[in-house]
Amino acid sequence: MRVVLQRVAYASVKVDGEIVGSIDKGIAALVGMNTGDNEKTFEWMFNKLKNIRIFEDDEGKMNLSIADKGYGLLLIPNFTVYADARKGNRPSFAMGAKPDEARESFNAFVEYAKKNYDKVECGIFQADMKVELLNDGPITILLDSDKLF
């Protein structure tokens, strides 16, 4: 599982002109699924997203998480976070889970997140989504459950 997270002042996802998920302050996460992702993977990634300390405390230090602040988490399915652009100019999308497995895994991850945090919103897998956000910082962090970076 791979995630590109951004600290946001707000974020939303529209499908066919309708908002399907939105948050105010919090984390917008572009989520890519890999073959074999399971509940252990979901637990690790969710705990990282929920507890990563990227929000300022009273002293201006990044010591607080979305859980500490009561902020939202917007999960956006995005297979392109597994793109490999090391060779040539056309990215390869051979890495990551195939669409059926990825859909099932993403939906299971969303379900896991919603069971464990009450401020979770999400996009729709394989939909033509329009994502709007205001990156706050900017703060952008890459996470990989295989700990490749």
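Modeller: Here it is; bear in mind that this is a predicted model. Valine 4 stands opposite leucine 30 in strand β3.

Biologist: How do β1 and β3 pair, and over how many bridges?

Modeller: They are antiparallel, with seven bridges. β1 covers residues 2-15 and β3 covers residues 26-32.

Biologist: And how many bridges join β1 to β8?

Modeller: Twelve, again in the antiparallel sense. Lysine 14 has lysine 130 in β8 opposite.

Biologist: What about β1 and β2, what do they form?

Modeller: A hairpin, with two residues between the strands. Aspartate 16 in the turn has a positive phi of about 55 degrees. Five bridges join the two strands, which run antiparallel, and serine 12 has serine 22 in β2 as its bridge partner.

Biologist: Why call β1 largely enclosed?

Modeller: Because ten of its 14 residues are buried.

Biologist: Switching to rings. How many aromatic pairs are there?

Modeller: Five. One of them is phenylalanine 42 with phenylalanine 109, a tilted pair at 5.7 Å centre to centre and 50 degrees between the planes.

Biologist: Which helices are those two in?

Modeller: Phenylalanine 42 is in α1 and phenylalanine 109 in α3, so the pair ties together parts 67 residues apart in sequence.

Biologist: Is phenylalanine 109 buried or exposed?

Modeller: Buried, at 0% relative accessibility. Phenylalanine 42 is buried too, at 6%.

Biologist: Where does phenylalanine 46 come in?

Modeller: Phenylalanine 46 pairs edge-to-face with tyrosine 112, at 5.8 Å and 75 degrees. That pair also links α1 and α3, with the partners 66 residues apart.

Notes. Residues are numbered from 1 along each chain as its sequence is written. This is a predicted model: local features need pLDDT of at least 70, side-chain atom pairs count only at pLDDT 80 or more; totals for chains, interfaces and linings use all residues. Side-chain values use heavy atoms; hydrogens and water are left out. Rings of Phe, Tyr and Trp (its six-membered ring) pair if their centres lie within 6.5 Å; planes under 30 degrees apart count as stacked, over 60 as edge-to-face and the rest as tilted. Helices (H or I, at least four residues) and strands (E, at least two) are DSSP runs, numbered from the N terminus. Buried means under 20% relative accessible area, exposed over 50%, partly exposed in between (1.4 Å probe, protein chains only). Two strands pair if DSSP finds at least two bridges between them.
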